[in-house]
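Work through the exercises below with the model open. Try each task before reading its solution.

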Amino acid sequence: MTAFKFVKPQVAFVNAPFSHGQPKRGTETGPLQLISSGLAQQVEGLGLTVDAVEDHKGFDILENDTDIGKLKFPRTVSNATRQVYEEVEKHAKAGKLVVNLGGDHSLAMGTISGSLSAHPDACVVWVDAHADLNSPETTETGNLHGCPLSFLLGIAGNIPEFSWIKPLLKPERLVYIGLRDVDDGEKKLLKEHNIKAYSMHEVDKYGIGKVVDMALDHVNPDRSRPVHLSFDVDAMDPSVAPSTGTPVRGGLTFREGHYICEALHETGLLVAVDLMEVNPALENEEAVKQTVSVGCSLIRSALGETLL
């Protein structure tokens, strides 16, 4: 196992059972499924200490949470993500490697805010089928799991309910791997802000090893910055991880997804890992078991598990 440069060999799990950033209930049960499958014990088996398992019983779903423009459940999402931010920040500032289990990807507003509070020069590797870059103006659905990065980058506009989010993430510190379902408005924002993205086209063209190298060369050329990995399980092909809310064909293979995690671990720079959008309510028992197993395996790879 590679030594960690910026954190102790201590892992804090932040479980975030939340689903109101998107319309399909069930992601709130993802963290419990992952932990119940023995994930903490698996991580300890890698020689790491599991220092904390923050196990939320659930976040408050606010009554009369009316839309703000197109945005659905804005106050509920803001309150939940702010709580996650406070927990991640606490553990990150204590020098622990934080593993965030979702829940839908709106939670990245909190997880990345917490990382950047403790590690201001960190970069973000976002592995996802979707860019999650929509602003309140460009979003077609109003679902906030498609908007977290616009808030983190400070391009979402002035919405008082989300004023707690400091725009600490810079466009040059963000890189995508695995995109294959990007809205027109997001494409414009990617170009306007010169955000580097490697879609599945580049994965096919260059191979995953070259893509990871190019991604790191862009956001972390000297390999001197902390890395926050935000991994949406729908980055994987649905044949690999079927139990998720917005599956898109043509995704990462089992090995490609694991290679990303293994390669980022090898840098020694990881300070946080998100695993988001596992939804046990959407598929049969066997598909759920498969998706949870893959999710646990991805986390173990990011924390040091190797093939040999």
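This is a predicted model: local features need pLDDT of at least 70, side-chain atom pairs count only at pLDDT 80 or more; totals for chains, interfaces and linings use all residues.

**Exercise 1. Describe Val-77: where is its place, what does Val-77 touch beyond four places in sequence, and how many residues apart are Val-77 and Phe-162?**

Step 1. Start with the helix. Val-77 belongs to helix α3.

Step 2. Turn to the accessibility. Val-77 has 0% relative accessibility, so it counts as buried.

Step 3. Collect the contacts. Not counting residues up to four places away in sequence, Val-77 touches Phe-18, His-20, Gly-21, Lys-72, Ser-106, Met-109, Leu-144 and Phe-162.

Step 4. Take one of these partners, Phe-162. In sequence, Val-77 and Phe-162 are 85 residues apart. In space, their C-alpha atoms are 9.2 Å apart.

**Exercise 2. Examine the charge of Glu-87: which side chain of opposite charge is nearest, and how far away is it?**

Step 1. Locate the residue. Glu-87 is found in helix α3, residues 74-93.

Step 2. Look for a partner. The nearest side chain of opposite charge is Lys-90, 6.1 Å away.

Step 3. Apply the cut-off. A salt bridge needs the nitrogen and the carboxyl oxygen within 4 Å. Glu-87 has no salt bridge, yet Glu-87 is buried.

Step 4. See what surrounds the residue. Leaving aside neighbours within four places in sequence, Glu-87 is in contact with Val-14, Glu-54 and His-56.

**Exercise 3. Survey the whole protein: how many helices and strands does the protein have, and what share of its residues count as buried?**

Step 1. Count the elements. There are 10 helices and eight strands.

Step 2. Compare the radius of gyration with the rule. The radius is 17 Å, close to the 19 Å that the globule rule gives for 308 residues, so the protein is as compact as a globular protein of that length.

Step 3. Read off the burial. Of the 308 residues, 61% count as buried.

Step 4. Residues 24 or more positions apart account for 76% of them.

Step 5. Finish with the charges. The protein has 28 positive and 42 negative side chains. The centres of the two sets lie 5 Å apart.

Methods: Residues are numbered from 1 along each chain as its sequence is written. Side-chain values use heavy atoms; hydrogens and water are left out. Helices (H or I, at least four residues) and strands (E, at least two) are DSSP runs, numbered from the N terminus. Buried means under 20% relative accessible area, exposed over 50%, partly exposed in between (1.4 Å probe, protein chains only). Lys and Arg count as positive and Asp and Glu as negative; His and the chain ends are not counted. Contact means heavy atoms within 4.5 Å. The radius of gyration is taken over C-alpha atoms; the globule rule is 2.2 Å times the number of residues to the power 0.38. The place of a charge is taken as NZ of Lys, CZ of Arg, CG of Asp or CD of Glu.
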